[in-house]
Amino acid sequence: MVVVGGGVAGLQAALVLGRARRSVTVVDGGEPRNARARAVHNLAGHEGIAPADLLDRARADARRYGVRIVTGTVTEARREGPDLVVAVGGGGTVRAGALVLATGVAEDLPQVEGLAELWGGDVVSCPYCHGWEAQGLPVAVVGSGARAWLQLLLLQRFTDDLVLLSDGPAELDAARLAHLRRTSVTVREDPIARVVADRGRLTGVEFADGELLPRGVLFASATRRPASALPAALGCDVVDAGVTTDADGFTGVPGVWAVGSCAQPALTVAGSVGHATTTAIALNTALITASFTASITGV
Ligand SMILES: Cc1cc2nc3c(=O)[nH]c(=O)nc-3n(C[C@H](O)[C@H](O)[C@H](O)COP(=O)(O)OP(=O)(O)OC[C@H]3O[C@@H](n4cnc5c(N)ncnc54)[C@H](O)[C@@H]3O)c2cc1C
């Protein structure tokens, strides 16, 4: 079988399937979403590991059980009889009885000059992943509406110096704005000119009128979209950046399963690993059951 995507979810699915003595090829484009993060947090047993080191270990673990890992981007997969034929960009195809999508999600950041350059370092998104490291620092949430509101509530547990920079209307109702005022969170709706950095470290945020607001960390309200067009091209239903599956990770497209954040975009690393494990077990069970049924019915 072929696993498309070799982030934590794809490699975990490959590990489980390899240990179940399946023949597994992982095709990976090499762009995991957290590649630019300094460390992976909230992962028991590997707390604080560098993202690249975690994937190095995961690849080595999978290879011990015969998993083949190929670098490349899957551009197309088509059905030929009982098989799926997977085309890898730059030439070459891989034939598989089942396909596991582990393509992840991509993030669109607020359009502010200088912000994307610091992504994964002093600009992050998830307070659970990076709130601890922001303790006591001057922090700003860059965004508006419901997502920014939740980030603010979470971040109040880590710092007393918290500002909402909405670069336009904050899109919060009167009750929420009153709560922020009561709890000393400043709301700045004035236009942002750019994010200012010195040697790769955040200095602050400059407004259009030239004022510089010193900040140590920015939490950006990013929006998610599918990282790959492949799931939709295969006929999978994609809603809010996630591939729709049943509780077992089956997409409804014959032979196609989905694991990790490509199926559930909000999943963390540990969550992606867990989802990939249960899906790989369900896939292997489905194959064993189908094989038994075929042996007694002849179809
Ligand atoms: C800045 C940042 C920091 C984060 N920090 C944390 C943290 O501290 N703790 C935590 O739990 N979570 C963190 N996360 C979330 C974490 O990155 C995700 O939960 C995790 O990466 C999901 O794993 P995944 O395997 O589903 O997807 P990904 O890790 O994104 O892997 C998907 C892989 O599929 C490949 N791919 C996509 N399309 C194709 C294709 N067509 N063909 C071949 N390959 C393809 C990509 O190149 C990529 O290698 C962070 C996210 C960001 C953005």
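An open sheet of five strands, with parallel pairing, has the order E3-E2-E1-E7-E20. Strands here (E, at least two residues) and helices (H or I, at least four residues) are DSSP runs, numbered from the N terminus. Two strands count as paired if DSSP finds at least two bridges between them. The model is predicted: local features need pLDDT of at least 70, side-chain atom pairs count only at pLDDT 80 or more, and totals for chains, interfaces and linings use all residues. Residues are numbered from 1 along each chain as its sequence is written, and side-chain values use heavy atoms, with hydrogens and water left out.

Angles run from 0 to 180 degrees between N-to-C directions, and axes are lines fitted to C-alpha atoms, for helices over the stretch in contact. Strand E7 (residues 99–101) pairs with E20 in the parallel sense over three bridges. Within this pair, Val-100 has Trp-257 in E20 as its bridge partner.

Helix H7 (residues 269–297) lies across E7 and E20 and runs at about 160° to E20. H7 also packs with helix H1 (residues 8–19), at an angle of about 35° and with the axes 8 Å apart. The crossing of H1 and H7 is right-handed; a crossing has this hand if the near helix is turned clockwise from the far one by less than a right angle, and is left-handed if anticlockwise. On the H1 side, the residues in contact include Val-8, Ala-9, Gln-12 and Val-16, and on the H7 side they include Val-269, Ser-272, Ala-276 and Asn-284. Contact means heavy atoms within 4.5 Å. The residues of the contact of H1 with H7 divide into 11 nonpolar, four polar and no charged. Ala, Val, Leu, Ile, Met, Phe, Trp, Tyr, Cys and Pro count as nonpolar, Asp, Glu, Lys and Arg as charged, and the others, Gly among them, as polar.

An antiparallel pair is found elsewhere: strand E4 (residues 74–80) is joined to strand E5 (residues 83–88) by six bridges. Val-74 stands opposite Val-88 in E5. E4 and E5 form a hairpin with two residues between them, and Gly-81 in the turn has a positive phi of about 60°.

The chain is divided into domain 1 (2–107 + 223–297) and domain 2 (110–220), with bounds from an automatic or database domain assignment. Their C-alpha centres lie 34 Å apart. Eight residues of domain 1 are in contact with 13 residues of domain 2.

Another open sheet of five strands, also with parallel pairing, has the order E9-E16-E10-E11-E12. Strand E9 (123–124) and strand E12 (186–188) stand at its edges, each with a single partner strand, so one side of each is left without a neighbour in the sheet. Strand E11 (residues 162–165) and E12 pair in the parallel sense over three bridges, and Leu-164 has Val-187 in E12 as its bridge partner.

Helix H4 (residues 145–155) packs with helix H5 (residues 174–182) at an angle of about 25°, the axes being 12 Å apart. That makes H4 roughly parallel to H5, a term for angles under 35 degrees. Their crossing is left-handed. Trp-149, Leu-152 and Leu-153 in H4 meet Arg-176, His-179 and Leu-180 in H5. The residues of this contact divide into four nonpolar, one polar and one charged.

Terms used: Angles under 35 degrees count as roughly parallel, over 145 as roughly antiparallel, 65 to 115 as roughly perpendicular and the rest as oblique.
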